[in-house]
Amino acid sequence: MRSVSLVALALTALVACGSEPTEAPKEEPVKTEAPKAEAPKEEAPKAEARAEISNTVVLEANDMMQFNLKEIHVKAGEPVTLTLKHTGTMAKEAMGHNFVLLKAGEDVGAFALASASAKDSDFISPDMKDKVIANTTLVGGGESVEITFDAPAAGTYPFLCSFPGHYAMMKGEFIVH
(Lines give C-alpha, C1' and ligand atoms only; values in the text may rest on other atoms or scores of the structure.)
Protein backbone atom coordinates (compact mmCIF):
# COMPACT_ATOMS: atom_id res chain seq x y z
CA MET A 1 0.00 0.00 0.00
CA ARG A 2 2.89 2.24 0.80
CA SER A 3 4.29 1.93 -2.79
CA VAL A 4 0.87 2.73 -4.23
CA SER A 5 0.62 5.89 -2.16
CA LEU A 6 4.16 6.95 -3.23
CA VAL A 7 3.20 6.50 -6.88
CA ALA A 8 -0.02 8.42 -6.31
CA LEU A 9 1.91 11.19 -4.58
CA ALA A 10 4.42 11.38 -7.47
CA LEU A 11 1.60 11.53 -10.05
CA THR A 12 -0.15 14.25 -8.04
CA ALA A 13 3.10 16.26 -7.98
CA LEU A 14 3.58 15.90 -11.72
CA VAL A 15 0.02 16.93 -12.48
CA ALA A 16 0.27 19.85 -10.08
CA CYS A 17 3.51 21.10 -11.71
CA GLY A 18 2.02 20.93 -15.16
CA SER A 19 -1.22 22.67 -14.24
CA GLU A 20 0.21 25.75 -12.57
CA PRO A 21 -0.59 28.94 -14.39
CA THR A 22 2.39 30.26 -16.27
CA GLU A 23 3.28 33.87 -16.67
CA ALA A 24 3.19 35.27 -20.20
CA PRO A 25 6.63 36.22 -21.45
CA LYS A 26 7.37 39.86 -21.01
CA GLU A 27 7.69 41.77 -24.24
CA GLU A 28 10.82 43.81 -24.58
CA PRO A 29 10.36 47.27 -26.00
CA VAL A 30 11.36 47.37 -29.66
CA LYS A 31 14.47 49.43 -30.20
CA THR A 32 14.60 51.25 -33.49
CA GLU A 33 17.83 52.53 -34.90
CA ALA A 34 18.47 54.21 -38.16
CA PRO A 35 20.13 51.76 -40.53
CA LYS A 36 23.84 52.30 -40.80
CA ALA A 37 25.02 53.58 -44.13
CA GLU A 38 27.30 51.06 -45.73
CA ALA A 39 29.84 51.79 -48.38
CA PRO A 40 28.57 50.49 -51.71
CA LYS A 41 30.12 47.14 -52.50
CA GLU A 42 31.11 46.23 -56.00
CA GLU A 43 29.17 43.16 -56.95
CA ALA A 44 30.80 40.57 -59.09
CA PRO A 45 29.17 40.47 -62.46
CA LYS A 46 27.60 37.17 -63.21
CA ALA A 47 29.53 35.52 -65.96
CA GLU A 48 27.16 34.76 -68.76
CA ALA A 49 27.47 32.72 -71.88
CA ARG A 50 27.00 35.14 -74.75
CA ALA A 51 24.58 33.11 -76.85
CA GLU A 52 23.88 35.72 -79.51
CA ILE A 53 26.34 36.27 -82.31
CA SER A 54 27.48 39.88 -82.42
CA ASN A 55 30.61 41.42 -83.83
CA THR A 56 30.21 44.40 -81.50
CA VAL A 57 31.33 43.28 -78.03
CA VAL A 58 31.50 45.08 -74.70
CA LEU A 59 33.64 43.14 -72.25
CA GLU A 60 33.68 44.37 -68.65
CA ALA A 61 36.41 43.70 -66.11
CA ASN A 62 36.34 44.66 -62.43
CA ASP A 63 38.47 44.98 -59.30
CA MET A 64 37.55 41.41 -58.35
CA MET A 65 39.50 40.02 -61.32
CA GLN A 66 36.46 38.94 -63.31
CA PHE A 67 35.20 39.38 -66.84
CA ASN A 68 31.44 39.60 -67.28
CA LEU A 69 31.57 37.17 -70.23
CA LYS A 70 33.04 33.68 -70.39
CA GLU A 71 32.06 33.20 -74.03
CA ILE A 72 32.00 35.64 -76.92
CA HIS A 73 30.31 34.61 -80.18
CA VAL A 74 31.12 36.37 -83.47
CA LYS A 75 30.77 35.82 -87.23
CA ALA A 76 33.83 34.57 -89.10
CA GLY A 77 35.70 36.89 -91.42
CA GLU A 78 33.86 40.05 -90.38
CA PRO A 79 35.26 43.01 -88.44
CA VAL A 80 34.90 42.74 -84.66
CA THR A 81 34.74 45.86 -82.49
CA LEU A 82 35.57 45.02 -78.91
CA THR A 83 35.38 47.52 -76.06
CA LEU A 84 37.08 46.59 -72.81
CA LYS A 85 35.64 48.53 -69.85
CA HIS A 86 37.30 48.43 -66.43
CA THR A 87 34.30 48.95 -64.14
CA GLY A 88 36.40 49.05 -60.97
CA THR A 89 38.25 51.93 -59.35
CA MET A 90 41.77 50.61 -58.82
CA ALA A 91 44.69 51.99 -60.84
CA LYS A 92 46.14 49.91 -63.65
CA GLU A 93 49.44 49.53 -61.77
CA ALA A 94 47.59 47.57 -59.08
CA MET A 95 44.60 46.08 -60.92
CA GLY A 96 45.11 46.59 -64.65
CA HIS A 97 43.23 44.55 -67.22
CA ASN A 98 43.66 43.79 -70.88
CA PHE A 99 42.06 41.52 -73.46
CA VAL A 100 44.30 39.11 -75.31
CA LEU A 101 42.89 36.81 -78.00
CA LEU A 102 45.17 33.86 -78.68
CA LYS A 103 45.33 31.56 -81.67
CA ALA A 104 43.40 28.29 -81.43
CA GLY A 105 45.07 25.66 -79.28
CA GLU A 106 47.49 28.03 -77.52
CA ASP A 107 48.22 27.36 -73.84
CA VAL A 108 46.75 30.22 -71.78
CA GLY A 109 48.84 29.38 -68.70
CA ALA A 110 52.12 29.24 -70.62
CA PHE A 111 51.32 32.52 -72.37
CA ALA A 112 50.43 34.27 -69.09
CA LEU A 113 53.52 32.95 -67.32
CA ALA A 114 55.81 34.12 -70.12
CA SER A 115 54.09 37.53 -70.18
CA ALA A 116 54.03 38.15 -66.41
CA SER A 117 57.24 40.19 -66.45
CA ALA A 118 56.52 42.09 -69.69
CA LYS A 119 55.27 45.25 -67.96
CA ASP A 120 56.58 47.57 -70.68
CA SER A 121 54.45 45.83 -73.33
CA ASP A 122 51.22 45.63 -71.29
CA PHE A 123 52.10 42.11 -70.10
CA ILE A 124 52.37 40.58 -73.57
CA SER A 125 55.77 39.01 -73.95
CA PRO A 126 57.49 39.98 -77.21
CA ASP A 127 58.47 36.30 -77.51
CA MET A 128 54.75 35.34 -77.47
CA LYS A 129 53.42 38.04 -79.80
CA ASP A 130 53.15 35.51 -82.67
CA LYS A 131 50.52 33.62 -80.64
CA VAL A 132 48.22 36.67 -80.42
CA ILE A 133 45.39 37.46 -82.86
CA ALA A 134 44.35 40.73 -81.18
CA ASN A 135 44.88 42.55 -77.90
CA THR A 136 44.06 45.77 -76.09
CA THR A 137 46.32 47.95 -74.05
CA LEU A 138 46.14 47.80 -70.27
CA VAL A 139 43.34 49.82 -68.60
CA GLY A 140 42.78 50.86 -65.00
CA GLY A 141 39.62 51.58 -63.02
CA GLY A 142 37.08 53.71 -64.90
CA GLU A 143 38.97 53.44 -68.18
CA SER A 144 38.01 51.73 -71.42
CA VAL A 145 39.70 50.90 -74.69
CA GLU A 146 38.30 49.85 -78.07
CA ILE A 147 39.91 47.73 -80.77
CA THR A 148 38.73 46.55 -84.17
CA PHE A 149 40.08 43.43 -85.86
CA ASP A 150 38.89 40.83 -88.36
CA ALA A 151 37.39 37.70 -86.84
CA PRO A 152 39.49 34.63 -87.60
CA ALA A 153 38.18 31.45 -89.25
CA ALA A 154 35.39 29.47 -87.59
CA GLY A 155 36.59 27.79 -84.42
CA THR A 156 37.18 28.35 -80.71
CA TYR A 157 39.97 30.60 -79.49
CA PRO A 158 41.06 31.33 -75.90
CA PHE A 159 41.05 34.85 -74.49
CA LEU A 160 42.49 36.16 -71.22
CA CYS A 161 43.70 39.07 -69.17
CA SER A 162 47.50 38.73 -69.05
CA PHE A 163 48.10 41.03 -66.05
CA PRO A 164 50.16 38.91 -63.61
CA GLY A 165 48.00 36.36 -61.79
CA HIS A 166 44.73 37.33 -63.48
CA TYR A 167 44.47 34.66 -66.17
CA ALA A 168 43.35 31.97 -63.69
CA MET A 169 40.03 33.77 -63.25
CA MET A 170 39.94 36.07 -66.26
CA LYS A 171 39.71 33.83 -69.31
CA GLY A 172 37.10 32.58 -71.71
CA GLU A 173 36.32 31.31 -75.17
CA PHE A 174 36.03 33.41 -78.31
CA ILE A 175 33.77 31.32 -80.52
CA VAL A 176 33.71 32.14 -84.21
CA HIS A 177 30.74 30.92 -86.31
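1. Contact here means heavy atoms within 4.5 Å. In this predicted model, and leaving aside its neighbours within four places in sequence, Thr 83 is in contact with Val 57, Val 58, Leu 59, Ser 144, Val 145 and Glu 146. Thr 83 itself belongs to strand 4, which covers residues 79-86. Its relative accessibility is 14%, and because buried means under 20% relative accessible area, Thr 83 counts as buried.

2. The aromatic side chains deserve a separate point. The model holds four aromatic pairs. One of them joins Phe 99 and Phe 159, whose ring centres are 5.5 Å apart and whose planes make an angle of 40 degrees. This pair is classed as tilted, because planes under 30 degrees apart count as stacked and those over 60 as edge-to-face, with the rest taken as tilted.

3. The location of the Phe 99 and Phe 159 pair is as follows. Phe 99 lies in the loop between helix 2 (92-95) and strand 5 (100-102), while Phe 159 is in strand 8 (residues 155-160), so the pair ties together parts that are 60 residues apart in sequence. Phe 99 is buried, with a relative accessible area of 0%. For Phe 159 the relative accessible area is likewise 0%, and this residue is also buried.

4. Phe 99 and Phe 159 also belong to one aromatic cluster, together with Phe 67.

5. Phe 149 and Phe 174 form another tilted aromatic pair, with 6.0 Å from centre to centre and 40 degrees between the planes. Distant parts of the chain are linked by this pair: Phe 149 is in strand 7 (residues 144-150) and Phe 174 in strand 9 (residues 171-176), 25 residues apart. Both residues are buried, Phe 149 with a relative accessible area of 10% and Phe 174 with one of 0%.

6. The next point concerns a glycine. Gly 109 is placed in helix 3, which spans residues 108-115. Its relative accessibility is 22%. Because buried requires a value under 20% and exposed one over 50%, Gly 109 counts as partly exposed. From C-alpha to C-alpha, Gly 109 and Gly 165 are 9.9 Å apart in space, and they are 56 residues apart in sequence.

Methods. Residues are numbered from 1 along each chain as its sequence is written. This is a predicted model: local features need pLDDT of at least 70, side-chain atom pairs count only at pLDDT 80 or more; totals for chains, interfaces and linings use all residues. Side-chain values use heavy atoms; hydrogens and water are left out. Rings of Phe, Tyr and Trp (its six-membered ring) pair if their centres lie within 6.5 Å; planes under 30 degrees apart count as stacked, over 60 as edge-to-face and the rest as tilted. Helices (H or I, at least four residues) and strands (E, at least two) are DSSP runs, numbered from the N terminus. Buried means under 20% relative accessible area, exposed over 50%, partly exposed in between (1.4 Å probe, protein chains only).
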